[in-house]
Amino acid sequence: MKLLTEITESAEAEYITEGTEKKLYITGPFIAAEVVNKNGRFYPMSVVEPAVKTYHEEYISTNRALGELSHPSCPTISAERACLFIKSLHREGNNFIGKARVLDDLPMGKILKGLVSEGVACGVSTRALGSLSEDQRSGHKIVGADLKLIA
């Protein structure tokens with residue numbers, strides 16, 4: 001299996017504050033299926049949907065779904081690099097819309113919050129493990145059914 005990292009367009013992310021403590025959230029498309037992305041990869045819905053279901057069951061519903069600052073090159077999550085706590089992920093058409101709270105009590109969360117408050121356009125990057133095959137007609141890489149979402 002290969003480490004797959006995909007970046008969602010930052011222009012689609014929305015920053016909101018909620019609650020009396022004014023917590024910062026990033027919400028918007030976290031995963032896109034049925035389109036060829038900028039890396040030339042195609043994620044079939046038949047592959048993405050079960051991977052999201054498993055990720056939800058194993059990570060989101062057990063309060064273990066974290067996101068890291070930047071693009072780590074390994075498949076493990078480093079708690080010291082955590083900046084996001086993914087609260088939800090649901091399907092809307094061919095996109096999976098996520099909502100993540102910025103962990104502004106942690107060092108990397110403080111950096112992310114500072115970037116957002118200064119007007120820097122930040123996006124969400126999806127990290128997963130999976131196999132790829134090549135579509136002979138288009139040359140695009142097709143993500144296999146062994147897709148496992150990490151962050």
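**Salt bridges and their setting**

Guide: The side chains of D104 and K23 form a salt bridge, with N and O 3.3 Å apart. D104 lies in the loop between strand 7 (95–102) and helix 2, while K23 lies in strand 3 (residues 23–32), so the pair ties together parts that are 81 residues apart in sequence. Both partners, D104 and K23, are buried. The model is predicted.

This pair does not stand alone. K23, D104 and K113 are linked in a network of salt bridges. In total, the structure holds seven salt bridges. Side chains of opposite charge can pair when their charged atoms come close.

Next, R91 and E49. Their side chains meet in a salt bridge, at 3.0 Å from N to O. R91 is in strand 6 (residues 82–92) and E49 is in helix 1 (residues 45–60), so this bridge ties together parts that are 42 residues apart in sequence. R91 has a relative accessibility of 39%, so R91 counts as partly exposed. E49 has 36%, so E49 also counts as partly exposed. The cut-offs explain these labels: buried means under 20% relative accessible area, exposed means over 50%, and partly exposed is in between.

K53 forms a salt bridge with E57, and the closest N and O atoms are 2.7 Å apart. Both residues lie in helix 1, four residues apart, which is about one turn of the helix. K53 is exposed, with a relative accessible area of 53%. E57 is partly exposed, at 43% relative accessibility.

The charged end of K99 sits over the ring of Y25, 4.7 Å from the ring centre. As for rings with rings, the count comes to one aromatic pair. A pair of this kind is described by the distance of the centres and the angle of the planes.

Now a charged residue under cover. E68 is in strand 5 (residues 66–68). Its relative accessibility is 11%, so E68 counts as buried. What does E68 touch, leaving out residues up to four places away in sequence? The contacts of E68 are T76, I77, S78, R81, A82, C83 and R127. A151 is 83 residues from E68 along the chain, yet the C-alpha atoms of E68 and A151 are separated by 7.9 Å.

I111 is in helix 2 (residues 107–117). I111, L115 and V120 make a nonpolar surface patch of about 210 Å². I111 is partly exposed, with a relative accessible area of 41%. Residues in a patch need over 30% relative accessible area and no salt bridge.

Two loops carry a backbone detail. E34 is in the loop between strand 3 and strand 4 (41–42). Phi of E34 is near 65 degrees, a positive value in a residue other than glycine. E34 counts as partly exposed, at 34% relative accessibility. N63 is in the loop between helix 1 and strand 5. Phi of N63 is near 55 degrees, again a positive value in a residue other than glycine. At 54% relative accessibility, N63 counts as exposed.

Step back to the whole chain. There are two helices and 11 strands. Along the sequence, the pattern reads β-β-β-β-α-β-β-β-α-β-β-β-β. The chain has 151 residues, and 40% of them count as buried. Among contacts with a separation of 6 or more, residues 24 or more positions apart account for 58%.

The D104 and K23 pair ties together parts that are 81 residues apart in sequence. The R91 and E49 pair does so for parts that are 42 residues apart. K53 and E57 are four residues apart in helix 1.

Conventions. Residues are numbered from 1 along each chain as its sequence is written. This is a predicted model: local features need pLDDT of at least 70, side-chain atom pairs count only at pLDDT 80 or more; totals for chains, interfaces and linings use all residues. Side-chain values use heavy atoms; hydrogens and water are left out. Rings of Phe, Tyr and Trp (its six-membered ring) pair if their centres lie within 6.5 Å; planes under 30 degrees apart count as stacked, over 60 as edge-to-face and the rest as tilted. A charge sits over a ring if NZ of Lys or CZ of Arg is within 6 Å of the ring centre and within 35 degrees of the ring normal. Patches are made of residues with over 30% relative accessible area and no salt bridge: like charges are joined within 9 Å, nonpolar side chains (Val, Leu, Ile, Met, Phe, Trp, Tyr) within 5 Å. Accessible areas come from the Shrake-Rupley method with a 1.4 Å probe; for residues, only the protein chains shown count as cover. A salt bridge is a side-chain nitrogen of Lys or Arg within 4 Å of a carboxyl oxygen of Asp or Glu. Buried means under 20% relative accessible area, exposed over 50%, partly exposed in between (1.4 Å probe, protein chains only). Contact means heavy atoms within 4.5 Å.
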